[in-house]
Amino acid sequence: MATGEDRATGRAETVARLMRGYQDDTRAIRVSKRYLPSREAIVEILMATLDLMYPGYFGRRGLDQANLEAHVAGQIERLAPMLEREIEQCLCYGREHDAAADAPAPPEGECAPRARRLAEAFLARLPEIRALLVGDVQAAYDGDPAATNLDEIILAYPGVLAVSVYRIAHALHTLGVPMIARIMTEWAHARTGCDIHPGASIGPEFFIDHATGVVIGETTEIGARVKLYQGVTLGALSFPKDASGQIIRGRKRHPTVESDSTLYANATVLGGRTVVGAGSVIGGSVFLAHSVPARSRVSLKEPELRVAPRDGLETADAVFFDI
Amino acid sequence: MATGEDRATGRAETVARLMRGYQDDTRAIRVSKRYLPSREAIVEILMATLDLMYPGYFGRRGLDQANLEAHVAGQIERLAPMLEREIEQCLCYGREHDAAADAPAPPEGECAPRARRLAEAFLARLPEIRALLVGDVQAAYDGDPAATNLDEIILAYPGVLAVSVYRIAHALHTLGVPMIARIMTEWAHARTGCDIHPGASIGPEFFIDHATGVVIGETTEIGARVKLYQGVTLGALSFPKDASGQIIRGRKRHPTVESDSTLYANATVLGGRTVVGAGSVIGGSVFLAHSVPARSRVSLKEPELRVAPRDGLETADAVFFDI
Amino acid sequence: MATGEDRATGRAETVARLMRGYQDDTRAIRVSKRYLPSREAIVEILMATLDLMYPGYFGRRGLDQANLEAHVAGQIERLAPMLEREIEQCLCYGREHDAAADAPAPPEGECAPRARRLAEAFLARLPEIRALLVGDVQAAYDGDPAATNLDEIILAYPGVLAVSVYRIAHALHTLGVPMIARIMTEWAHARTGCDIHPGASIGPEFFIDHATGVVIGETTEIGARVKLYQGVTLGALSFPKDASGQIIRGRKRHPTVESDSTLYANATVLGGRTVVGAGSVIGGSVFLAHSVPARSRVSLKEPELRVAPRDGLETADAVFFDI
């Protein structure tokens, strides 16, 4: 049995091997780096923004006509410095990351003026984001017979939460702080199972029912009044590579879904040149990698059906699953 | 660059636009509303109830024959007032919601007597819920060769957590407080990826393995000893609309799955008139929108298989994904 | 209306019925049991281990060349006693569980020496786990055109989190503390929607994109440089049962996926004798229950496509979904 001394030796050896590993391969380690946005702060920003989008639901209770304006003004004043700080971290992070390995970090404050402008620009967009979200909530009510009222949708529908976070994150992505945007959408992905890249472009009155397993890629374009069910993927086909074998980033790899289309559970649509024409219906579990015209109805072929004999249940199971 | 004064003007403008938005469109805002159940309190009620369902696992440790009864009685006494308060909020919320926009809120205490009766009725159902849950845990053990014992299942199986929360929420839904029920099942949905509507009707010894992506709609009926795998949808077909174009709510839209049936990963079964007959096996990724008789075996047709030539890997990839 | 006295009687009755239930059916209740690992402590162990795998990302900020070694040594010293305590709980739990119902619990300290050895053995494996994880992070970057840098992957990619937790848990599973391992992977499952059993065997440079809905069973074997997309299942076929009708546990029930293969969204591959040959591509939504040779391309058959007439949208919907 190991003595205390053996253990100390073993642990010192482990520390030395870990240190050698960090030094031999400097990927996946952040040492002597100054800037990184804070996940906790970003979630706090998101919560305060959601409170402005849906006053009275998530944050402060007891709002009335007398105190609403003061509450809203107070939230904006609270949000602004948090936003500035995280955007500044994000901008300086980008500079530090792109600099030569031995260059000094950008000095404190250098990214502050731009961060301030971006934070104000984001705040100025909140009214239009709110208008879009009200349309999304109404689309959820109109599209789900199980919904009893708008409050239930705002408080409990994961698809509406995922879309709300996406619309907020998309504004930040467009302004040039993609890392904050991505941390927000991954926060929503963890809670809802719905992975919407903040770079995607999505029209008004969008509804995702049930939400789990939905994936919407970075360069997806979605029209107005589109409805998705759980498990739908709007994804990429194989990626072209450059001469050195590196995949090429930044070009349109994900499909376009035109207005008034519905995609049922677990449908998969792939490819940057794939267009689902307006008013189409894509059936459950369909796998589609080419364009279809407007008003298309795409469905799986009928599955095979056999019926087991009365006294043959176990045998039939074996046949079914072992061929 | 914006001065401090410009920023103040910009923010004041944003506040004014948000306020105009809230006033012009009063959807998705809760102002001058008094009643709403508390998500935090509902989760606390759920945790205390789970502790009574599975004593010694989630809440207090160190239970023995000498202290168990006092612990159980104490939990019931702690649960009762929390339940009453949230049910009262829920009942008053419903009245306030249905009242004319300018009607006064229901007075404090008006819903209290009914809330008290419903809370007691819920508590009285706990023993039978516990009996059902023990059967579900056993079904998980009997149905999963990877399970080593019942403790692992109770502590770690997301499908068992989702079904446990469903059975508790279903009792509340049946008693007439659907919003509390829905908040509970969405709490479980966020943790497990498994979305069971509290209105669904599910027989004994029910097991969902892996759980992620499962959706069970509001009017689904499931018999005894049914087993589902991840990604299974029991959903609705297109919804009939009334003369004014509104979808009709409240009628059976989701399928019936009779006893002793198994649905494999990502199978989708849709429609209120669809019945999966007893003892059936629905294969993975099957999409089914009509009834099948008892003892049916339904499977996808064989997929297409091609084999790439030894030296043609890249080409074959391109062919595979770009046609 | 129930009086206070009626309520007291009703609750006493409920307590008595619950107590009878616990006594009549002792499954799913932990009374007079001493040992159980703590979920909270296991999550803390996991966080400290992730900090050693990715220094500077999740735990302490402000690491530099001067303080890194002290930080690492400090984390190891902090981890060791937590690990020992939970492993000891786990080992004693196993003995207590396997003992006769009326046997006394194993005495305090009896499992401590073995727990200490296993904790040290786990710590000694950290450097090689770190080397594997760096390869996984790089594979994610190389395999996803939407990724902008390694930091974004480590901070935000759920598939990378799920694989990181799996590799840590797999080491503990192999050392003989499967319950701690399972609690870790289920923690990751709840956050990422990705369910990797700690018993699975997975080669280097493994990448799961988007992650939601992926299931990798206990006896799965995966080669090098394999890539999975969301919703992929590597699962079991029907389970053989022994003479008494109990399912047989512990034999290979899940497939083998050889090196350099890619499985697209929602593909399902089942069965312990099923081998996906090296360099294969399995298309989205494919359901495969038999082996395919190296370099196979497997795809769904083309779905059925119909186009609705210009003025027939509602009718076409009805036709599509009600046949």
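Axes here are lines fitted to C-alpha atoms, for helices over the stretch in contact, and angles run from 0 to 180 degrees between N-to-C directions. Helices (H or I, at least four residues) and strands (E, at least two) are DSSP runs, numbered from the N terminus. This is a predicted model, in which local features need pLDDT of at least 70, side-chain atom pairs count only at pLDDT 80 or more, and totals for chains, interfaces and linings use all residues. Residues are numbered from 1 along each chain as its sequence is written, and chains are lettered from A in the order in which they are written.

In chain C, helix H2 packs against helix H4 at an angle of about 55°, and their axes are 9 Å apart. H2(C) is therefore oblique to H4(C) (under 35 degrees is roughly parallel, over 145 roughly antiparallel, 65 to 115 roughly perpendicular, the rest oblique). The table lists the residues in contact, meaning heavy atoms within 4.5 Å.

| Helix | Span | Contact residues |
|---|---|---|
| H2(C) | residues 39-53 | Thr49(C), Leu52(C), Met53(C) |
| H4(C) | residues 112-143 | Phe122(C), Leu126(C), Ile129(C), Arg130(C), Leu133(C) |

In chain A, five strands form an open sheet with parallel pairing, in the order E1-E4-E7-E10-E13. Two strands pair if DSSP finds at least two bridges between them. Strands E1 (195-196) and E13 (287-288) of chain A are the edges, each pairing on one side only. Within the sheet, E7 (residues 233-235) and E10 (residues 268-270) of chain A run parallel and are joined by three bridges. Thr233(A) lies opposite Thr268(A) of E10(A).

Notes:
Side-chain values use heavy atoms; hydrogens and water are left out.
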